[in-house]
Amino acid sequence: MTEPSAEAESYDHRCPGTPEAVWMDNGIGKRAAPVDIGTLGRLVVVAAHPDDETLGAGGLIAMAALKGVDIDIVVLTRGEGSHPLSTTHGRDAMTGLRRQEILGAVDVLAPAASIHLHSLPDGALAEHRGEVTDLLAQAVRSVDCETWLVAPWRHDRHADHEAAGAAAAVVANRSGAHLLEYPIWFWHWGSPGEPPSMDRPLRLDLTVAALAAKTAAIDRYASQLRPLSDRPGDEAVVAPRFREHFERPFEIYQATSEEIVGASTARTSLPPAYFDAMYAAETDPWRFRERWYEQRKRDLTMAVLPRRRFRTAFEPGCSIGVLTTELARRCDRVLATDVADAALAAATARLERSPHVRVERRAIPSDWPTGPFDLVVLSEVGYYCAGDDLQALAAAARDTLTDDGCIVACHWRHPVADYPVSGDAVHAALRATTGIDLLAEHVEADFRLDVLVRAPATSVAAAEGLV
């Protein structure tokens with residue numbers, strides 16, 4: 001972070017600013033549409049100064065790294081102007097400090113990311129906008145995949161941030177990259193309901209791992225978080241009250257592309273006819289019975305269940321009943337449902353010797369059963385739901401769960417053109433909507449497996465009195 005110059009700005013970073021509680025009470029996270037990173041192919045993050053990338057987009061960087069996305073981080077200045085009145089640290093000293101800080105922060109967020117450190121003058125990017133545009137164009141290069149260009153918001157009231165954002169907008173327009181803009185100082189001087197405001201705010205729900213990585217990366221910026229000394233001019237730039245804005249379980253962006261909106265009304269849930277057509281073409285469309293990938297995933301799903309035995313389980317989207325057979329061995333009763341008649345017929349035949357299993361035709365979330373269930377298994381089903389349907393599915397799973405129950409969710413992470421949202425977006429929506437604790441998380445390049453339990457989350461060892 002760099003102090004806003006008195007000439008360019010109409011606010012003082014040393015003032016308390018707008019408390020984080022005001023933004024949260026206003027529901028900034030609820031009013032923003034969720035972001036779907038399922039189509040993200042390459043990420044270019046622009047920072048006017050070292051630490052902008054972490055404060056504004058650290059969670060996105062961490063989640064993209066876990067997804068295996070190619071990441072370029074472009075830092076336009078060395079951040080040498082963060083303490084212009086310091087008598088203990090000159091500009092050269094600050095350059096060295098901030099270089100080490102950003103290298104450490106990015107190593108936490110995305111060790112494989114490429115960092116491009118430039119030396120444009122801190123506090124004067126507006127005078128070098130042509131150079132900024134050229135640098136960003138070189139970083140974006142040709143867009144042959146789903147490239148996201150992420151930059152400071154053009155209305156952040158910091159001259160460097162606004163210049164970086166304006167240049168990013170030019171490059172996005174020329175290249176076809178999707179542009180997202182992140183506010184930083186806006187959270188300090190802005191107020192809910194007062195102009196300027198973001199007309200298309202998007203919310204990226206952070207995984208537990210991404211939020212932890214972002215928090216650790218912020219900690220690397222000691223020169224910004226703590227006073228350089230007790231002398232005047234060495235005060236912290238990122239005060240604790242200001243830092244609170246960047247410790248949310250989500251990040252807010254302004255976007256110009258509809259394609260990156262996740263659970264929005266831009267797409268609709270897949271209809272029953274879609275699945276009828278799948279089974280008409282093949283009796284086992286996803287090859288559940290023969291693929292080692294599917295068998296291994298089922299084994300992991302069963303292994304992650306936190307109890308040996310469950311009373312009543314619900315498995316929507318059971319398909320031909322292969323996973324249902326495994327659940328039947330661990331549960332006193334199982335309700336398995338699907339919308340495709342062919343799938344239901346196959347599942348019924350497979351489970352005919354399991355009288356404690358009921359197979360029914362139900363469409364979710366509209367025909368969600370009343371429960372209660374101490375186990376809800378959402379395996380490869382959530383990404384068929386869009387917008388309100390996805391939120392309703394998550395709410396129904398939560399509302400029909402017993403006090404000692406758990407939700408097990410497992411979803412494919414690669415983009416599928418037909419699906420309204422990605423698997424990552426499904427899990428983000430489940431965590432955000434249910435509000436219940438994450439007990440276990442298993443993430444691979446291909447799929448994500450989560451276990452959500454009613455609070456307080458108790459480990460298996462603790463439940464058996466071992467700890």
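## Burial and overall build

Buried residues, meaning those under 20% relative accessible area with a 1.4 Å probe and protein chains only, account for 54% of the 467 residues in the chain. This is a predicted model, where local features need pLDDT of at least 70, side-chain atom pairs count only at pLDDT 80 or more, and totals for chains, interfaces and linings use all residues. Residues are numbered from 1 along each chain as its sequence is written, and side-chain values use heavy atoms, with hydrogens and water left out.

The chain has 17 helices and 15 strands, taken as DSSP runs (H or I, at least four residues, for helices; E, at least two, for strands) numbered from the N terminus. Its C-alpha trace spans about 80 × 50 × 40 Å along the principal axes.

## Contacts across the sequence

Count contacts as heavy atoms within 4.5 Å. Of those between residues at least 6 apart in sequence, 77% join residues at least 24 apart.

## A look at Thr88

Thr88 sits in the loop between strand S3 (70–77) and helix H4 (91–109). Thr88 is partly exposed at 34% relative accessible area, a class that runs between the buried limit and the exposed one (over 50%).

Leaving aside residues up to four places away in sequence, Thr88 touches Leu228, Ser229, Arg231 and Asp234. Its side chain also makes a polar contact with the side chain of His89, at 2.8 Å; that term covers a pair of N or O atoms within 3.5 Å, one able to donate a hydrogen and the other to accept it, with sequence neighbours counted only if both atoms are side-chain atoms. As for Ala166, 78 residues apart from Thr88 along the chain, the two C-alpha atoms are separated by 34 Å.
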